[in-house]
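Colleague: Please show me the model, and then I will ask about its parts.

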Amino acid sequence: MQQIFGDARAAGAELGITADMRGTIGLTGAVSAMHGALRQEVAEAMDAVAAKPVSSAALDEEIRHLIKQTYGDGYDAALVSTCEAGLMVAFDVLFAPPTLGRGAPYRGRYLALYERFMHHPGAYGRPFPPKYKEYLAEQGESAGEYGIQGKRVADLDAAIVRMAGADYTAHGIKHFPALNLLNVDAAETVARIEAMAHRHGASLVGLASLAYDTPGYGYGQKGPDGTPLIQTGMARIAREFDVPYIVDNAWSAPIIGADIRKLGADVMVYSMDKVTGAPTCGLIIGKEEPMIQIRRALGIHGPRAGGLSSHGKAAFNAIDPGKEALVGALAAMRILRDRPHVVLGALDRLHDLVLEEFQTLPEPLRQGWTIYKSRNSLAVELAYNGTWGSPDASGNTAMGIPIFTVEDMYTGTNLIQAGLQHMGLAPTITFDGNIWVSNGLGNVDGDGNLLEAPTRLALRGLFRMIEIVSRHAGLSA
């Protein structure tokens with residue numbers, strides 16, 4: 001490790017990453033530990049309202065109006081403090097069995113895909129079958145009892161469904177697999193979900209998944225309109241059983257990204273600070289019926305639904321966003337609605353630069369990659385699971401570029417990610433043989449236009465780091 005980090009520091013100096021630049025340029029502005037810079041227009045809107053008396057309820061109504069203009073009056077919205085807060089209220093309101101009534105409460109069970117980042121949408125219930133309890137108790141969760149117990153909903157189970165065609169080979173610090181989802185079979189996966197729904201039909205309360213659209217997350221097979229077939233299949237099953245379908249779309253942009261109407265979900269939750277240039281907050285968009293319940297639980301729906309429009313005074317007062325976040329999110333959404341070409345143009349140029357700088361990798365290391373541009377996430381996905389050979393008759397596998405698990409990310413033993421920090425760059429998500437890069441951290445101007453020089457520098461650092469780790473692993477370059 002120390003030799004790799006030493007090589008990384010030397011490579012950073014060679015690339016021209018000076019001391020004053022360290023940590024100011026990164027491969028994404030979408031990592032919760034290091035947010036991207038606010039768009040200038042968003043920052044100005046927040047500054048303007050900070051010293052003024054403004055009704056949060058009035059700002060909330062403006063957000064609702066914008067969403068209804070975009071998606072139609074059958075949809076509604078609510079802003080909360082974070083994306084995880086949005087998931088928490090959605091699961092608690094829509095999936096949790098009722099507490100009122102005589103006798104013992106019943107248990108509900110929702111279906112969740114065994115996918116990357118499933119410790120977000122998949123950790124709100126006790127896992128079923130029980131063999132997943134250690135996985136969901138530890139992977140990606142904060143240490144200690146409250147890290148997982150503080151998140152789980154009372155009387156709720158999560159039935160885990162494996163994705164057909166996925167590779168779940170154990171390849172981690174513990175016994176947890178490193179997921180390879182490039183070859184997921186959408187039709188067979190939907191069939192498995194449907195079978196599991198019938199198996200648990202009497203206690204089924206909902207379905208949950210990510211809303212991403214990339215091959216590395218298992219969503220490479222899509223319908224004619226570009227919507228992943230697994231997601232539309234889950235929506236159909238949810239309608240058949242008359243239960244909600246919640247999708248976690250944290251790393252994404254509303255309005256120009258995945259369309260909840262095409263997907264067929266009931267609720268979609270966003271992390272607005274990841275790719276929209278907004279401050280830290282979460283956005284919930286959903287169909288009117290479930291959103292009435294969610295907004296009432298938040299205390300922001302108003303008298304027409306038998307509630308009061310009182311931010312911070314309801315069951316979930318701990319996740320109230322505050323007026324600055326309301327104004328900032330509203331400004332960011334107006335940019336997405338009125339000037340989508342700015343962010344989409346920056347994404348197109350990022351994709352071009354990724355393809356160009358990818359050529360700086362030694363030729364033997366460029367084999368077996370899958371590179372995909374995601375409009376939903378305003379990101380470019382680089383998956384290198386394919387650099388590993390298929391097992392031979394003896395079960396031996398030709399080694400590819402080293403794969404690190406999510407545990408490596410948290411323990412500092414993901415040598416690509418940690419090496420980038422030693423190089424002087426802010427890293428991105430790089431586990432399970434999957435890398436996402438997006439704009440927002442030192443590589444765009446105040447209006448969101450891509451700056452080529454820092455973007456190329458960050459990408460060259462990434463590919464140099466991959467080469468360094470591969471060389472120390474004994475791969476021929």
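Predicted model: local features only at pLDDT ≥ 70, side-chain atom pairs only at ≥ 80, totals over all residues.

Modeller: Residues are numbered from 1 along each chain as its sequence is written, and side-chain values use heavy atoms, with hydrogens and water left out.

Colleague: How many helices and strands does the protein chain have?

Modeller: Helices (H or I, at least four residues) and strands (E, at least two) are taken as DSSP runs, numbered from the N terminus. On that basis the protein chain has 16 helices and 13 strands.

Colleague: What percentage of the 477 residues of the protein chain count as buried?

Modeller: Buried means under 20% relative accessible area, exposed over 50%, and partly exposed in between, with a 1.4 Å probe and protein chains only. Of the 477 residues, the buried share is 57%.

Colleague: Why is strand β7 described as largely enclosed by the rest of the structure?

Modeller: Strand β7 covers residues 204-210. It is largely enclosed because the count of buried residues is 7 of the 7.

Colleague: In β7, which residue is the bridge partner of R109?

Modeller: Strand β4 (residues 108-114) also pairs with β7 in the parallel sense, over 4 bridges. The bridge partner of R109 in β7 is L204.

Colleague: How many of the 16 residues of α12 are buried?

Modeller: The buried residues of α12 pack against several elements, including α2 (40-50), α3 (56-71) and β10 (282-287). Among those buried are K323, L326 and L330. Helix α12 is largely enclosed by the rest of the structure, because its buried residues number 12 of the 16.

Colleague: Is Y372 buried or partly exposed?

Modeller: Y372 lies in strand β11 (residues 370-374). Its relative accessibility is 23%, so Y372 counts as partly exposed.

Colleague: With the side chain of which residue does the side chain of Y372 make a polar contact?

Modeller: Contact means heavy atoms within 4.5 Å. Leaving aside neighbours within four places in sequence, Y372 is in contact with residues including D213, P215 and K222. A polar contact is a pair of N or O atoms within 3.5 Å; within protein, one must be able to donate a hydrogen and the other to accept it, and residues adjacent in sequence count only if both atoms are side-chain atoms. At 3.4 Å, the partner of the Y372 side chain is the side chain of K222.

Conventions. Pairing = 2+ DSSP bridges.
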